[in-house]
Amino acid sequence: MKDKVEIGLMGLGVVGVGVENALREKVEDFAKQVGAPLVVKRILVRDPSKKRACQVQPHLLTTNPQHIFDDPGIDIVVEVIGGESPAYDYIKEALSRGKHVVTANKEVIAKHGFELLSLAAEHNVALLYEASAGGGIPLISPLRHDLLANKVSAIHAIINGTTNYILTKMALEDVDFTAALREAQELGYAEADPASDVEGIDAAYKLAILAALAFQTQVLPGDVYHEGISRLAARDFCYAKELGYTVKLLAIAKREDNTFQVRVHPTFIPDDLLLAKVNGVFNAVQIDGDLTGRILFYGQGAGALPTSSAILADVVRLAQNMSQGSSPMPRVQMDQTMAAKPISEIETRYYLRMTVADRPGVLAQITRVLGELLISISSVIQKEVDERAQSAEIVIMTHPARERAMQQAVSEMGKLEAVREISNLVRVED
Ligand code: NAP
Ligand code: HSE
């Protein structure tokens, strides 16, 4: 047993600072759990002169990753740089040099997880990534261990803190999109490029990671259909409320025989669902297992402290394993035969908002298009009339319909002379 476990920290931004602070403040607790202190030996940054919200000794900072790879004393590398490059290469190099890696990087894990886990196994080290999905909520470990006896049929999840924060502000406090995004950035929730959050890309990476473990098959980011929240307008929130729904950026994974569907998009969900009550930076992941039935994980999905909780749990577990001389945890066995179902093949209900000419026969033209494509209407609202423009706003809720048919209907309705604008099409999940 070594007299200390040395860590190379890559990245000292929002999450890196959280990890560094917690390691210092809880040094005795961790030492008790591991049997030796956890010590940060080197920290990789881009700009060593930057002011940071932690008290690191300047000599620990480096801009050269080799100072971490080449140091034989460093057993565990914590990667919190983010993005695909250079993080992917750094993780590969660390594993190849026989170092355990703990990462919060969903992009790298979603895109390259399979390859990296194999590389880790080859070098008899571990690659742990609890912080890559759901911030402080334990998800990866329950899926890898505690739920293994289940056949998971579905996941419905709110897994992006930034967009849930924005949607909550827009729905409940009438704050506009730009102001809400700015607040989420100031609070440290957003990615370096917040388009990744807003466009549903971050949630798609996380869903690929969770679905792969839940269905025990390979799920790549390219399999996940994703749509962001930027098309949602204040009017959509008003109609949702009137119809008894809440708007969430939902990540959905469903197993169907030998296929699975994985998608991330704004979704109307009934107000009385628990997921509808998940607000602000909180995330929730609902999992349907054949033995457990429905279970729900809930907690803060972003931010320095919740994320450092997930990272440090991985670090402590690795250090405990090292101190007991145990080998890295076994990998989940993956079934390669399941295929992703294209979005055009899914069936769901829809909310459709459009602006049309306010004159006789227009509704009949619209319902004819839907009828010809076998799309059944469950309700229609027409109430906002702009007399000067002689236009009206129509909202249609459908019964379950095939996505391919719905997209064709939208395209055909868009060509009708009486349709001024198709304002939004949002999927509904009951
Ligand atoms: P961040 O605040 O942007 O910090 C990134 C850090 O990496 C900075 O310290 C930066 O150095 C360093 N860095 C960036 N590029 C580098 C390069 N080429 N070489 C060396 N250092 C480099 O990011 P973050 O919010 O902490 O997120 C880090 C990771 O955690 C990402 O994968 C993110 O998706 C994930 N994550 C974040 C959260 C959250 O709430 N923020 C939650 C869960 C997971 P400088 O400081 O010198 O610029
Ligand atoms: N940008 C991410 C989010 C960070 O808002 O959820 C947590 O992964």
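A nonpolar surface patch is formed by Leu274, Leu296 and Tyr298, with about 310 Å² of accessible area together. Areas follow the Shrake-Rupley method with a 1.4 Å probe, and for residues only the protein chains shown count as cover. Leu274 sits in the loop between β10 (259–270) and β11 (282–289). Leu274 counts as exposed because its relative accessibility is 57%, the cut-off being over 50%.

The model is predicted: local features need pLDDT of at least 70, side-chain atom pairs count only at pLDDT 80 or more, and totals for chains, interfaces and linings use all residues. Side-chain values use heavy atoms, without hydrogens and water; residues are numbered from 1 along each chain as its sequence is written, and chains are lettered from A and ligands numbered from 1 in the order in which they are written.

The shell around ligand 2 (residues with a heavy atom within 4 Å) includes Lys106, Asn160, Thr162 and Asp197. Its residues divide into three nonpolar, four polar and five charged, with Gly counted as polar. Helices α7 (161–172) and α10 (201–215) each supply at least two shell residues; helices are DSSP runs of H or I, at least four residues.

Polar contacts pair N or O atoms within 3.5 Å. A polar backbone atom of Gly161 is 2.7 Å from an oxygen atom of ligand 2. A backbone N or O atom of Tyr189 lies 2.7 Å from a ligand 2 nitrogen atom. A polar side-chain atom of Lys206 lies 2.8 Å from an oxygen atom of ligand 2. Taken alone, ligand 2 exposes 260 Å², and the protein buries 93% of that.

Technical notes: A polar contact is a pair of N or O atoms within 3.5 Å; within protein, one must be able to donate a hydrogen and the other to accept it, and residues adjacent in sequence count only if both atoms are side-chain atoms. Patches are made of residues with over 30% relative accessible area and no salt bridge: like charges are joined within 9 Å, nonpolar side chains (Val, Leu, Ile, Met, Phe, Trp, Tyr) within 5 Å. A salt bridge is a side-chain nitrogen of Lys or Arg within 4 Å of a carboxyl oxygen of Asp or Glu. Buried means under 20% relative accessible area, exposed over 50%, partly exposed in between (1.4 Å probe, protein chains only).
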